[in-house]
Amino acid sequence: MMENQFNFALAAPEIILAIMAMGILVYDALSHEASRKTTYVFSLCALIILTVVSLMQWNSGIGGTTFYGMYVADPLAHFLKIASYLAVLVTLIYSRQYVVDRDMSKSGELYPLTLCALLGQMVMISASSMLTIYLGLELMSLALYTMVALRRDSLVATESAMKYFVLGALASGFMLYGISMVYGATGHVDLAGVMQVIRSGQAGEMTLVLGTVFVVAGLAFKLGAVPFHMWIPDVYQGAPTAITLTIGAAPKLAALAITLRLLIEGLNGVALSWQPMLIILAVLSLAIGNLTAIMQTNFKRMLAYSTISHVGFVLLGLLSGVAANGTVMSGAYASSLFYIVTYVLTTLASFGLVLLMSRQGFECENIDDLKGLNQRSPLMAFGMLLLMFSLAGIPPLVGFHAKLVVLQAVVSAGHVWLAIYAVLCSLIGAFYYLRVVKVVYFDEPVQGVPAPDTTWSFRSGVMSVNGLLIIVLGILPGGLMTLCVQVIDASLKF
């Protein structure tokens, strides 16, 4: 580990991405519309280069803090950045035909905005100061707000963008207000300094706890936990499906990263204050997410409420990191990390299938659009079955093991009632997942729904690999789980 006030080598991925994003934007502005496909290829190349750079840094053991302790490069940062690169890469591959069919790349902002959102996520993942966290959060959020409204001719998309922007600004205000109160109580904005002052007992207790409440509220909005979930169903449904996938995948990794940084590295000394808040958020998210999803007829909106319920499981892992006797259990945080990574993997495939079935002039959005899919494309129907079973937590798919490791952490922390409650909520959730399977296999196709494209292509190959990973990681989860434990133990300072 090395520390330097200005060690630019540690921040090489962010610097490379910033240069490439600006370069792609300038190239697109100067190029003709016919050559705009090149910007898509450049974006894919940028993501591949970033993956190689971060892998080299991780393999070489490069790490430490820089920029006066505001930026950290550690195994957790390398792992989540690589996962984010791959998530965005797969998102762009799945979305390509959808974007072309709807002329969304004509204006030229789509790919630079996607890379800017990724840059914000990378800053969030490597943040070791509350100011850096806020900087990355706003960079990501502003890019995503704009992307939701990218189809200017769609009133639904514009309305969703306005809701997202207004509620996002409110959540950012909560976060910033909480940060200011934590700074007032401790005199530090860097997380290491905050933790040190809290441990020394010199922090203003009332101000610190109140600041923690606002910080948790801001984090809950970014994660999509109840009661800060209002934006998720509207944005998921109203945004173009390609943008819905962009919002629903990689940003979840960055949101977990700042939650770990703030609550575990910075505010771990007041864990007894934020633990009850997470319990309330988890209980409400599991109940409202699953119960409301049952009533949905729009497939994207159903997946939005499904996301809320899965966030409840992530929060269960986070709140189980400190047992009743004060013992810190890093395995609980590793279970949340494992859960979010596997959830992103499943989300990519779920929305990827929706994108594959959409056509020019047809949005595959309603559950009824999936009726009789098995008669039209048995392979896609089987893929949908796997994804729904994984989200429901049915073995031997990866969703089952993800839920299992979280429940084990909850029981180990002494919250047996929470584990029982989570299992009951999962049983409720299984209903709407199985309903989709029933529609796919046992209902007759709806007239007017075009047949899905069954020709083999590069993106269908990527989809096959994605589905295969969901099966393999369900049968052999040990490698990824061990990696998550090692990453947490090597990075977080309790």
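**Entry 1: two prolines in loops**

I started with Pro-227, which I found in the loop between α8 (205-223) and α9 (231-238). I am working from a predicted model, so I keep in mind that every value here is computed from it. The peptide bond from Val-226 to Pro-227 is cis, with omega near 10°. I then looked up Pro-396, which sits in the loop between α16 (378-392) and α17 (398-412). A cis peptide bond joins Pro-395 and Pro-396, and its omega is about 5°. I noted these bonds because most peptide bonds are trans.

**Entry 2: the loop between β2 and β3**

Next I went to the loop between β2 (64-66) and β3 (71-73), where I found Phe-67. Phe-67 is not a glycine, yet its phi is positive, about 55°. Tyr-68 lies in the loop between β2 and β3 too, and its phi is near 60°, again a positive value in a residue other than glycine. I wrote these down because most residues other than glycine have a negative phi.

Is Tyr-68 buried or exposed? Its relative accessibility is 54%, and exposed means over 50%, so Tyr-68 counts as exposed.

**Entry 3: a nonpolar patch**

Tyr-68 turned up again in a nonpolar patch on the surface, with Phe-6, Phe-8, Ile-15, Ile-19, Met-70 and Leu-131. Together these residues have about 700 Å² of accessible area. I followed Leu-131 to helix α5 (residues 130-148). Leu-131 has a relative accessible area of 44%, so I list Leu-131 as partly exposed.

**Entry 4: helix α3**

How far apart are the end C-alpha atoms of helix α3 (residues 75-101)? At 1.5 Å a residue, its 27 residues should span 39 Å, and the end C-alpha atoms are 40 Å apart, which agrees. I also found a bend of about 50° in α3, at Ser-95. The helix is mostly covered, as 23 of its 27 residues are buried. Just after α3 I came to Asp-103, which takes a positive phi of about 55°.

**Entry 5: Tyr-421 and its contacts**

My last stop was Tyr-421, in helix α18 (residues 416-442). Which residues does Tyr-421 touch, not counting those up to four places away in sequence? I found Val-283, Leu-286 and Ala-287. Tyr-421 and Val-283 are 138 residues apart in sequence, but their C-alpha atoms are 8.0 Å apart in space. With 23% relative accessibility, Tyr-421 counts as partly exposed, because buried means under 20%.

Notes:
Residues are numbered from 1 along each chain as its sequence is written. This is a predicted model: local features need pLDDT of at least 70, side-chain atom pairs count only at pLDDT 80 or more; totals for chains, interfaces and linings use all residues. Side-chain values use heavy atoms; hydrogens and water are left out. Helices (H or I, at least four residues) and strands (E, at least two) are DSSP runs, numbered from the N terminus. Buried means under 20% relative accessible area, exposed over 50%, partly exposed in between (1.4 Å probe, protein chains only). Contact means heavy atoms within 4.5 Å. The expected span of a helix is 1.5 Å times one less than its number of residues. The bend at a residue is the angle between axes fitted to the seven residues ending there and the seven starting there. Patches are made of residues with over 30% relative accessible area and no salt bridge: like charges are joined within 9 Å, nonpolar side chains (Val, Leu, Ile, Met, Phe, Trp, Tyr) within 5 Å. Accessible areas come from the Shrake-Rupley method with a 1.4 Å probe; for residues, only the protein chains shown count as cover. A salt bridge is a side-chain nitrogen of Lys or Arg within 4 Å of a carboxyl oxygen of Asp or Glu.
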